[in-house]
Amino acid sequence: MLIRVDGGKSGIVDYLINGKKAGRNYHRDELDERVFLSGNLDVADFLINNMEGQGERYKHITLAFKEDDLSIETLQAINDEVKAYICAAYKDDEICYYAEAHLPKIKSLIDEKTGKPYPRMPHIHIVIPTENLFDNQVANPFGYYPHSQKFAKALQEHINAKFNLADPADNRRTDFSSKADIISRINSDEFSGAGKELKTEIRAAMIEQDITSYESFKNLLQRYGTVKEVQGKYGEHLNLVPHGQSKGINFNRKNGEHVFSRAFIELPTLEKIQQLTKVAKFTAEERSKLMQEWVNVRSKEIKYLNSGDKKYKLYQKMSEADKLKELKRQETEFYKEQGVEHEPTNERTDRRAAAFERIGDNLRSSSADLAAARGAAGNLDRAAGNIADRAAIRAVAAALDGRTGNQRQSRPPAERDTQRTASVVGRYRRELDERGAVAKASKGGEFGEIKQNLEAGRLLAHLSKTHGVLADKYVVTRGRDGSERIKCGNQNLNVSDFLTKHMNLPWKDAAPILREVYAAQRGNVHHQAKPAPSRELWDKYQSWKQHEAPKERSQAAAAITRTHADAIDQATKDFNAAKSRIQGDRSITRAEAKRLIDIAKATREHAKKEARDSRNAARAAERAKWSAKGDNLLKRFLAEAAQTNESHAEAALAELRKRAPDIAEKEDAANYIKAADQQAKEQGAPIKRDLRYTVDLKGHITYRIDGQEALKDEGKRVNILRASDGDVIEEGLYLAKSKFGKTLTLHGSDQFKAEAVRIAVEKNIPVDFSDPHLQRMKHQLEQQKIDRQRLREQGRKAIEVERARKEKEKADAALQAREKAKPKAKDAEAKKPAAVVKEQAAAPAPEPVLAVPGAQAPHKQHGTYKGEILAVDNTYVYQQTEKAVIHHLRTQFNELPKPGDEVAIRYSAGQVTHVKDLDRGHGHGR
C-alpha cells in the first residue's frame, strides 16, 4: 500500500462520483465499482461548499494497492485503522471523515507519453473537510504534510506488514521508459532553502547528460554562472553564483544533499538512478515508536498548538513529561469550551435530534437537510459559531459511520443498480443476489455449457480489448470438473466468477460477454490479446492529436455552424418572401392576411427549431466522433493514417485490426469470401492502392470500382458488395487469396458461388475451395476448359491442313492452266486492247474458300452458342463450342467477330440476333 496526500478547494466530490479528469473520458460507473466504507459524501460535500475563506477546503488521501484481489473485509479493516490513526486527536463527531473504495472494472489505461498500458488496482479515497465541527476552526489532521510525512510513512509500513501487502520500498520501478521519465519521478522535496529549484534542475541535467566526473559536473555548473571551489565545514565542494545574482549557492553535503558530493557524482548513471529511486524502510521498532509519538504527541500538537505563537517556543523547551501534561490540559480545556461533556438537553438538542432523524430517513438529500438543520437552529450567520448548527452537522457525520445501510438506499432500485455505490453490507447483499443469479444460470442450459467449456485465455484476450485486462498478469488453470479457471492471487475463479467477482461486473453485463466470447470460440475465430502500439505509431498519434486533430475538429464545427446559419437565413428569407406576397395581395382581407402571416411565422419558427435540432444532433455526433473513450481517438488516427501513402500506413491498418474484438461473424445473406481455417491469421495483405477506398474505425476497407462500392475487406472476410459483377468477383478472389492463402470458403447465394468458381477457372486464378461440392465443380469446369482447348487446337490444325491443301490445289491448277494457255495467250494478248490488259492485271485473285473438316451447321432455331472464334472465310464464321465446331453464315453478322474472340452467338427463328463478346462484356449483332 502507498499513501498519497493532497488537498484542494473543490471538485473532489464530482471526481469521486463522475470520475472525470483531464485526458480521461470514462465515467466513474464505467471505470469502477464504488463501495462506501465510512462517513457520508453528501455531508462532506455540504461542508466543502459552505466553507468560508479561500484556503484549502479538504484533504484528499489516497490508499493505493499493488494487489488486485483484496477482499472488501480487508479494505474495510485497513480503512478503520487508517481512520483511527489519522484522526487520533479528534472525537468521532468532531471531524467529517469520508472514505470509499474503488474496485476497477477497467483494468488498465494508456500512458499518454509512452502508449503503454498501466494497471489500475483497487484503491481507497479519503476526503476530510478542513473544518472542526466543534469550534468552526481549521481541522487539518496532518498539518504541514512534509513535517508529518514520516508519521504517514510509519502508518503505511505498519498496514503493509499487518495485512501482508506490497510495500513501495520493496517494489521500486525499474521499467522507466526514458531518463525524462526517471527524472520526473524523483522526489523534488529533497532540497530546501535558497536555490531549491536550480538544484533540482542541475540534478536532472546531471542524470540526463550522463555526467560521471567531478570536472564534467563543474563544467555543467559554469553554464549557470560563476563557479569556485570551496573548502569548508562540509569538506570540499563547489559554490555557484548564478548569472545576474550576487549571492552564491553551495553544492555540498549540507541537509543530506549527498547528490552533489564527489563520491555520488562519480557513480555510473545507473547506480545514481538506483540510489535516487530507493525508498528506505523503518525497522519495526522505529515504526512502533513513530506511531506512538503520533498518537500521543504529534497529532495533538498539530491540533492545539500554533508554531508561530510565542507559547509554542515555551512548549518546545519543556520536558517530555511536561509536554504531555500541557497537551492534556489543552485537550481538556478545548472540549470544556465546546460543552461536549456536559451538553444540556434543551430545546436546541431536541431540534438537532429532529434534524438528524430527517436526514437519516432520506440520506440522498442530506445536503438539503443539513441546511434545514441550520434553519432550525435559528438561521444565524455561520461566522457566529452557532453550536446547534455545528452539532447537527457533526451528529450526522459521526452517526452515519455506524450505519450499515447504503448511504443512497433511498434511491429507487433501478437507480441504485446503475450507480452501484454500496456499503460493505450492501455489497455483500448484492454479491449474494448475483451468486444466486449465476448459480441459477449455470445449472445446465446455456451458461452451464459456457462455464464448463469456455477457454479462459480467449476470455482474457477479449477483455483486454474491452476492459483493459492485462492478459499476461493471469495464469490459466484447470478445475476438478475439467473447466478452465483464471488464477487471481490466491483464488482460482471460473469464467463467470472472474467477471462478477474480479472484474466487478453485474451479471446483466457479464452474461452477454460470456455469450459473445463462447460464440467466437465455437466459430473458431482467431483470438489475441491487445498489444501496445509501436512507439513510432504512438509518437505519430500524439503529434496528430496535438496538431491535425484540432484543425479537423475546428473545420467540422465551423461547417455545422455555417449549415445552421444558412438554414436560419433561409427560413427568414422564406418568411419575408411570404409576408411580402401576402401583403401585396389586394384580393384578401386584412384579417385573412394577418392569419396567413401568422402561419408563415409559425412555419419560420418550426424551420428554426428544426435547424437548431439538426445543429445539436450534428454537434453531439461530432463530440462522439472525437471521444477519447477507450481506443476511439487512437482508432480514428489509425484509420486516417491507413488511407495515406505514408510509410506507416500498412502498420496503422494492422494496428487498427488488432484492436478489434475477436467476435464471431454473424451468418447473414451477404456474399463473402473468408479463410478456410478461421484460426489462421490473415496474411496481412497490402491495401489495393490502384482502387479508390476508405478505412473505418473497425479497420474495414471499402473499395470502389467504377464509382460504386464493390468490395469490403473486413479483415476476416472479403465482402462482395456487387455479386452480379464478374469484374468485382475477380478482384475479390485475388484479394482473398493474398489475405488468406490458396484455399478459400465461399458464403452466399448458390448463384454467387457458382459464378465465383467459374471466374476462378476462366481467369486462371490459383485458388481452391473448402466446400467439396464447389471444388468438384471447379475440377469439372477445368476439364471442360481443357477439352475446349483440345478441340480448339484440333480445329486450328485441321484448318491449317485444309488451307495448305486448297492452296496447293489452286497453285497446281494455276500452273497447268498457264502451261496450256501459253500459245493461245500470246495470240489473245496481242489482240486485246491495252485498257483491258491493264484492268485484268489490277484485279485481285479470288480468296480460297476455307472449310473446316467436321464443322457443323447451327442446329438451334432458338438458342446461344458460346466459344472461341477459330477462323472467318468468305462464306462462314467458324466457332469452337464445348461439343463441336459450328459454322455460321457470315452474312448473318453486321460486325464480324475476329479469330480469338470469346463470344456468345444468340439465334432466334434461325437468325443471329445478338453477339456478346465475353471478354469485353458488350455485344454486336443484327
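Which strands does helix 7 lie across? In this predicted model, helix 7, made of residues 196-208, lies across strand 9 and strand 10. The helix runs at about 40° to strand 10. Helix 8, residues 214-222, also packs on the sheet, where it touches strand 8, strand 9 and strand 10. The direction of helix 8 makes about 20° with that of strand 9.

The sheet itself is open and has 3 strands in the order 8-9-10, with antiparallel pairing. Strand 8 and strand 10 each have a single partner strand, so one side of each is left without a neighbour in the sheet. Neighbouring strands are turned by 30° against each other on average, direction ignored. Strand 8 is joined to strand 9 by 8 bridges, and the two run antiparallel. One of the residue pairings is that of Glu229 with Leu238, its bridge partner in strand 9.

| Core | Residues in the core | Some members |
|---|---|---|
| Largest nonpolar core | 46 residues | including Phe637, Val695 and Phe769 |

In soluble globular proteins, nonpolar side chains tend to be buried together. Leaving aside neighbours within four places in sequence, Ile720 is in contact with residues including Ile673, Leu711, Val728 and Phe752. Asn671 and Gly732 are also among the contacts of Ile720.

Conventions:
Residues numbered from 1 in each chain as written. Predicted model: local features only at pLDDT ≥ 70, side-chain atom pairs only at ≥ 80, totals over all residues. Heavy atoms only, no water. Pairing = 2+ DSSP bridges. Helix = DSSP H or I, 4+ residues; strand = E, 2+ residues; numbered from the N terminus. Axes fitted to C-alpha atoms, helices over the stretch in contact; angles between N-to-C directions. Contact = heavy atoms within 4.5 Å. Core = buried A, V, L, I, M, F, W, Y, C linked by side-chain atoms within 4.5 Å. Buried < 20%, exposed > 50% of the residue type's maximum accessible area, 1.4 Å probe, protein only.
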